[in-house]
Amino acid sequence: MPETSRFPMAGRVPALCALTAALVVLLALPLYVSAFWLNMGLFAMAAAVGAIGLTILLGAAGQLSLGHAFFVAVGAYGYAFLAGESGGGVSGLGLPPLLAAVLAVLLAGVCGLLFSPVSSRLRGIYLGIASLGLVFLGHHLLQNMKPVTGGFEGRTVVPLSIGGFSFSDQADVTVLGVPFGAAESQWYLFLVVTVGAALLGRNVLRGRPGRALRLMKDSEIGASAMGVDIRRTKAAVFVLSSMYAGAAGVLTALAFQRTVPDYFSLHLSVSYLVMVILGGLGSVGGAIAGAVFVVTLPLLFSRYADSLPFVTGAGGQGLDASTAAQFVYGAVVIVAVIVQPGGLAALAGAVRPPRSRRPAAAAAP
Amino acid sequence: MTTTPTQTAAELRVEDVSVVFSGLRALDGVSFTVRPGTIHAVIGPNGAGKTTLLNALSGIYRVASGRIMVDGQEVTGLRPDRVARRGVARTFQNIVVSPVESTLDNLMVGRHRLTRSGIAATALGLGRGEQRVHEARVRDIAEFAGLSGVLDRPAASLAYGDLKRLEFARALCLEPRLLILDEPVAGMNTAESAELARLVSAARDALGLTVVFVEHDMGVVMSIADRITVLDFGKVVTDGTPEHVRQHPEVISAYLGAPMESGNDQVAERLS
Ligand SMILES: Nc1ncnc2c1ncn2[C@@H]1O[C@H](COP(=O)(O)OP(=O)(O)OP(=O)(O)O)[C@@H](O)[C@H]1O
Ligand SMILES: [Mg+2]
């Protein structure tokens, strides 16, 4: 027995304390801060869920996807269609919202499965290029399937409700004198989903599938010699990441209370990539941190445009807030990739030639 | 490690196997049989086709013709993961491990075919019981291979000899019936080589394994091999006991110019 296991919790106590403190703060936040901050949190949590899926796909399995935005769109529009009522030029099934949310996630998984003839055969950057097509396909469908998507104007999104409680401004609830509107109640909903998504993702990465994925990333031949079915594994991890993207889509739709096609562009896919690369590939906590950073930066810039140099509000002469934010996280990505060899190595692994028949050395002496 | 064999060693029959790379016949009608529970060496000069043979055995290279039989069942043309599921495990000439993973996690990958929990079950935390059971066995194997002290260290931080033993131990973690090793002691010093050679025959005795290994170190080959197949230019030069191979005129003239002696470093040099 190694001596480290004698006090298995010893090293974890500070981490557990920090986690508990963070959780307490997160739970208390709606009682203290305004809807602006809560909404920013909602967007960040929605993005975090999608980023966890992508970090499993890219970080652990080494499979690049530029089609993440497509599956986010499937989740968002899937929910809007399944839960929405017909009328105003769009149709909907009017399912109970919770059921619609679950089905929307499954639908994204099914779409990921339909892509498995491609996702199971290609690796690394080649899959990235192939999945790029999905974004354009998605955009075309969103513009043209008007009855489902509402065309370029998009469609409104029914708030989630569970057992008669609606996560919207209609719910007439007051907690400690604070009225609980959409932002406050959804905050807790999103928190539960995000924590759940993080725990599930962490389990996958720490367990048998995660180990197989990481060896597969370093050497497909090595992994298959251990009995890992490469094609099946690639297809499965792609489906998993699609479902995470679908869940992110449902949350995004709920947070915006509306879906519009322009949001689900290549830009969104790239934003997700930035999140997971910044966060450190293959790390659930990193994906969450990356998502918070990428989502909140432009919002903070526009809120504090007046007090920031070079940044101006709408119609001003300097950089607008979102452009300024892009400069900043562009720079941070470059720095992160340079100082964090893990990220660079994973990217380099993603550009290796496909289906090499020569055993690849992962750790040559 | 348990000293009772957990399964029966496999018989390997290689029947007239050829492998062709865009015109180059890397293997040309290779045949030999490995009896269950024996240690079988494959030797030959660089480029003779030894690694190609092992890759054909484990399903990594497609054979152009011929058959590969494990315990009378044909494995020719099966994918590597299917071959692994038949109880065939291997190591690589150029070490293949996950560098950032701990030694323990690298070894646990070897349990993949023996464990079940897929993505959904693992996500829901259902794989933990299975993992505990298998981790105990993996720790035993690590102890046997002398890796207990480095279980928590990332593989990238291991000394070269430890990495070679890690690959060997990971192959054992598959609980194979046929163990394939590509140059298991290459790059090790004499003491490390002797220790690994001892581990290979101890594993064979304890676990009920058949072993096929490629090696340039003639000291190791002569000390543990029950039989030897000599390859050159993709063809079998000769096949027999170490005594037979040592005396074989073609082997002598091709590599040695003089009869082989076990542990002769000069021989090892000429062969590598
Ligand atoms: N994937 C491949 N594609 C093309 N040619 C290959 C491939 N793999 C091996 N060869 C060729 O097949 C021949 C045998 O190579 P192999 O690696 O089997 O030799 P070896 O006996 O293992 O040599 P060494 O002792 O150097 O490891 C060589 O000429 C090699 O160049
Ligand atoms: Mg070789």
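Before I start on contacts: I call two N or O atoms a polar contact when they lie within 3.5 Å, and within protein one must be able to donate a hydrogen and the other to accept it. I also keep in mind that this is a predicted model.

**Entry 1: a side-chain pair.** Ser117(B) sits in the loop between α3 and α4 (119-123) of chain B. Is Ser117(B) buried or exposed? I looked up its relative accessibility, which is 10%, so Ser117(B) counts as buried.

**Entry 2: ligand 1.** Next I asked where ligand 1 lies. The answer is between chains A and B. I found 16 residues surrounding ligand 1, and the closest are Asn46(B), Lys50(B), Thr51(B), Thr52(B) and Gln93(B). By type, I get six nonpolar, seven polar and three charged residues in the shell.

I then checked which elements supply this shell. In chain B, β2 (24-34) and α1 (50-57) each give at least two residues to it. The largest share is that of α1(B), with three residues.

Then I went through the contacts to oxygen atoms of ligand 1. Lys50(B) has a side-chain N or O atom 2.7 Å from one. For Gly47(B) the atom is a backbone N or O, 2.9 Å from an oxygen of the ligand. Gln93(B) brings a polar side-chain atom to 2.9 Å from a ligand oxygen. How much of ligand 1 does the protein bury? I noted 73% of the 630 Å² that the ligand exposes when taken alone.

**Entry 3: the magnesium ion.** Ligand 2 is a magnesium ion, so I wanted its donors. Thr51(B) coordinates through OG1 and Gln93(B) through OE1, at 1.9 to 2.1 Å.

Thr51(B) has a relative accessibility of 22%, so it counts as partly exposed. Gln93(B) has 37%, so it is partly exposed too.

**Entry 4: the sheet in chain B.** I traced an open sheet of four strands in chain B, in the order β2-β1-β4-β5, with antiparallel pairing. Its edge strands are β2 and β5 (73-74), each of which pairs on one side only.

I followed β1 (residues 12-21) of chain B and counted seven bridges to β2(B), the two running antiparallel. Phe21(B) stands opposite Leu24(B) of β2(B). Val20(B) has Arg25(B) in β2(B) as its bridge partner. The hairpin these strands make has two residues between the strands, and one thing I noted there is Ser22(B), with a positive phi near 30°.

**Entry 5: positive phi values.** That angle made me look for others. A reminder to myself: most residues other than glycine have a negative phi. Asp16(B) is not a glycine, yet its phi is positive, about 55°. Asp16(B) is in strand β1 of chain B. With a relative accessible area of 46%, Asp16(B) is partly exposed.

Glu183(B) is another residue with a positive phi, near 50°. I placed Glu183(B) in the loop between β7 (178-182) and α7 (190-207) of chain B. Is Glu183(B) buried or exposed? Its relative accessible area is 8%, so Glu183(B) is buried.

**Entry 6: a look at chain A.** Last, I picked Ala48(A), which lies in helix α2 (residues 35-60) of chain A. Ala48(A) counts as buried because its relative accessibility is 1%, and the cut-off for buried is under 20%. I also checked Ala48(A) against Leu281(A): they are 233 residues apart in sequence and 14 Å apart in space, C-alpha to C-alpha.

Terms used:
Residues numbered from 1 in each chain as written. Chains lettered and ligands numbered in written order. Predicted model: local features only at pLDDT ≥ 70, side-chain atom pairs only at ≥ 80, totals over all residues. Heavy atoms only, no water. Near = heavy atom within 4 Å. Areas by Shrake-Rupley, 256 points an atom, 1.4 Å probe, with all protein chains shown as cover. Nonpolar A, V, L, I, M, F, W, Y, C, P; charged D, E, K, R; others polar. Donors = N, O, S within 2.8 Å, 3.2 Å for Na, K, Ca; no water. Buried < 20%, exposed > 50% of the residue type's maximum accessible area, 1.4 Å probe, protein only. Pairing = 2+ DSSP bridges.
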